[in-house]
Amino acid sequence: MLFLTDCVLEEEIDYSFNNLPGHIPMWVKNFQDCATICYKEAGCKFWTWNKGSYCSLKTSLEGKDYGEGAVSGQKACGFDVRLATSCKDFNPYCPEWAK
């Protein structure tokens, strides 16, 4: 299970290689949308969004490099807290009463 706490965003970083097979980069308006698309895609583990441009879904973070305006992150960054049914869905450190 992925948790929102597993999310690490990397600004000015581009995961240059390992695009998800069968997927071409797509235009999205922000990095949050890119992360959400990755979260919903079974084979996606990482993603890169190039500012004002395209979202690329990744199977690996190999090829990590400087990318002006890029934001990259893990699949967990796309978890939508609004869809959680309990605290445990997005935080592994929930107090006992919140589970």
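Start by selecting Glu10: at 18% relative accessibility, this residue counts as buried (buried is under 20% relative accessible area, exposed over 50%, partly exposed in between, with a 1.4 Å probe and protein chains only). What you have open is a predicted model, where local features need pLDDT of at least 70, side-chain atom pairs count only at pLDDT 80 or more, and totals for chains, interfaces and linings use all residues. Residues are numbered from 1 along each chain as its sequence is written, and side-chain values use heavy atoms, with hydrogens and water left out.

**Stop 1: around Glu10**

Glu10 sits in strand 1 (strands are DSSP runs of E with at least two residues, helices runs of H or I with at least four, both numbered from the N terminus). Now show what surrounds Glu10: leaving aside neighbours within four places in sequence, Glu10 is in contact with Tyr15, Lys64, Ala70, Val71 and Ser72 (contact means heavy atoms within 4.5 Å).

Lys64 lies in strand 5 (residues 64–74) and Glu10 in strand 1 (residues 10–15), so the pair ties together parts that are 54 residues apart in sequence. Side chains of opposite charge can pair when their charged atoms come close. A search of the whole structure finds one salt bridge.

**Stop 2: the whole chain**

Zoom out and colour by secondary structure. You will find one helix and five strands, running β-β-α-β-β-β from the N terminus on. Of the 99 residues in the protein chain, 36% are buried. Among contacts between residues at least 6 apart in sequence, 67% join residues at least 24 apart.

**Stop 3: the disulfides**

Select the cysteines next. How many disulfides are there? The count comes to three (a disulfide is a pair of cysteine sulfur atoms within 2.5 Å).

- Cys7 and Cys77 have their sulfur atoms 2.1 Å apart. The pair links distant parts of the chain, with Cys7 in the segment before strand 1 and Cys77 in the segment after strand 5, 70 residues apart. The torsion about their S-S bond is about 100 degrees, so this disulfide is right-handed. Cys7 is partly exposed at 23%, while Cys77 is buried at 15%.
- Cys34 and Cys55 have sulfur atoms 2.0 Å apart.
- Cys38 and Cys44 have sulfur atoms 2.1 Å apart. Their link is left-handed, with -100 degrees about the S-S bond. Cys38 is buried at 0% relative accessibility, and Cys44 is buried at 1%.

**Stop 4: the core**

Finally, select the largest nonpolar core, 12 residues in all, among them Leu20, Val28, Cys34, Trp47, Trp49 and Leu57 (a nonpolar core is a set of buried Ala, Val, Leu, Ile, Met, Phe, Trp, Tyr and Cys residues joined through side-chain atoms within 4.5 Å). Helix 1 (31–40), strand 3 (46–50) and strand 4 (54–58) each give two or more residues to this core, and helix 1 gives the most, with three. End on Cys34: not counting residues up to four places away in sequence, Cys34 touches Val28, Trp47, Thr48, Trp49, Cys55, Ser56 and Leu57.

Notes. Salt bridge = Lys/Arg side-chain N within 4 Å of Asp/Glu carboxyl O.
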